Amino acid sequence: MLKFTTEHEWLDPSGEDVAVGITEHAASELGDIVFVELPEVGASVSKGDEVVAIDSTKAASGITAAIDGVITAVNEDLNDAPETINADPMGTWVFRIDPTDPAQLDELMDEAAYREMIG
């Protein structure tokens, strides 16, 4: 089951690690994404740290870590095709993280709560 943040990120904890991306709402607000600065694999991050920088035609934004953990993979395809996020935001992960404390995922919203938030 996907989890969501108030910063319009989705997390998919169904694998060995947690895939992270941005929601359709975030992608539409950003407009055409032209650049994504990915984190380093192996980097330790804490909840609240900015992990990814995103530049679009409308704004600069970022993805913050919703949980503590270690970056296990990054979507290298985004270096050459950042617009992939706009085409399929819910199907395009940006990075994967191995949670230090998986219980932190329980603090995030489910899809119903997220949909209610964005109204």
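These are legends for several close-up views of one predicted model.

Because this is a predicted model, local features need pLDDT of at least 70 and side-chain atom pairs count only at pLDDT 80 or more, while totals for chains, interfaces and linings use all residues. Residues are numbered from 1 along each chain as its sequence is written, and side-chain values use heavy atoms, with hydrogens and water left out.

**View 1. Strands 1, 2 and 3 are linked by hairpins.**
A quick word on names: helices (H or I, at least four residues) and strands (E, at least two) are DSSP runs, numbered from the N terminus. Two strands pair if DSSP finds at least two bridges between them. Start with strand 1 (residues 3–4), which pairs with strand 2 (residues 9–12) in the antiparallel sense over two bridges. Look for Lys3, which stands opposite Leu11 in strand 2. Leu11 also stands opposite Val20 in strand 3. Strand 2 and strand 3 (residues 18–22) run antiparallel too, joined by four bridges, and the hairpin between them goes through five residues.

**View 2. His8 sits in the loop between strand 1 and strand 2.**
This hairpin has four residues between its strands. Most residues other than glycine have a negative phi.

**View 3. Phe4 and Tyr114 form a stacked aromatic pair.**
Rings of Phe, Tyr and Trp (its six-membered ring) pair if their centres lie within 6.5 Å; planes under 30 degrees apart count as stacked, over 60 as edge-to-face and the rest as tilted. By this rule the count comes to one aromatic pair. Its rings, those of Phe4 and Tyr114, are 4.8 Å apart centre to centre, with 15° between the planes. Phe4 lies in strand 1 and Tyr114 in helix 4, so the pair ties together parts that are 110 residues apart in sequence. Are these two residues buried or exposed? Phe4 and Tyr114 are both buried (buried means under 20% relative accessible area, exposed over 50%, partly exposed in between, using a 1.4 Å probe and protein chains only).

**View 4. Helix 4 (residues 111–118) has a cap at its N-terminal end.**
The capping residue is Asp110: one of its side-chain oxygens lies 3.3 Å from the backbone nitrogen of Ala112. After the helix comes Gly119, with a positive phi near 55°.

**View 5. Three strands make an open sheet in the order 4-6-7.**
The pairing in this sheet is antiparallel. Strand 4 (33–37) and strand 7 (60–64) are the edge strands, and each pairs on one side only. From one strand to the next, the twist averages 25° (axes are lines fitted to C-alpha atoms, for helices over the stretch in contact, and angles run from 0 to 180 degrees between N-to-C directions). Four bridges hold strand 4 against strand 6 (residues 50–56).

Asn79 and Val36 are 43 residues apart in sequence, yet 6.6 Å apart in space, C-alpha to C-alpha. With a relative accessible area of 45%, Asn79 is partly exposed. Its side chain also makes a polar contact with the side chain of Glu76, at 2.9 Å (a pair of N or O atoms within 3.5 Å; within protein, one must be able to donate a hydrogen and the other to accept it, and residues adjacent in sequence count only if both atoms are side-chain atoms).

**View 6. Thr92 is buried in the loop between helix 3 (84–87) and strand 9 (95–99).**
Why does Thr92 count as buried? Because its relative accessibility is 6%. A polar atom of the Thr92 side chain lies 2.8 Å from the backbone oxygen of Asp88. Leaving aside residues up to four places away in sequence, Thr92 touches several others, including Trp10, Asn75 and Ile85.

**View 7. Strand 8 (residues 69–74) pairs with strand 5 and with strand 9.**
Strand 5 (residues 44–45) meets strand 8 in the antiparallel sense over two bridges, and Ser44 stands opposite Val70. Five bridges join strand 8 to strand 9, again antiparallel. Here Gly69 has Pro99 as its bridge partner.

Note on methods. Contact = heavy atoms within 4.5 Å.
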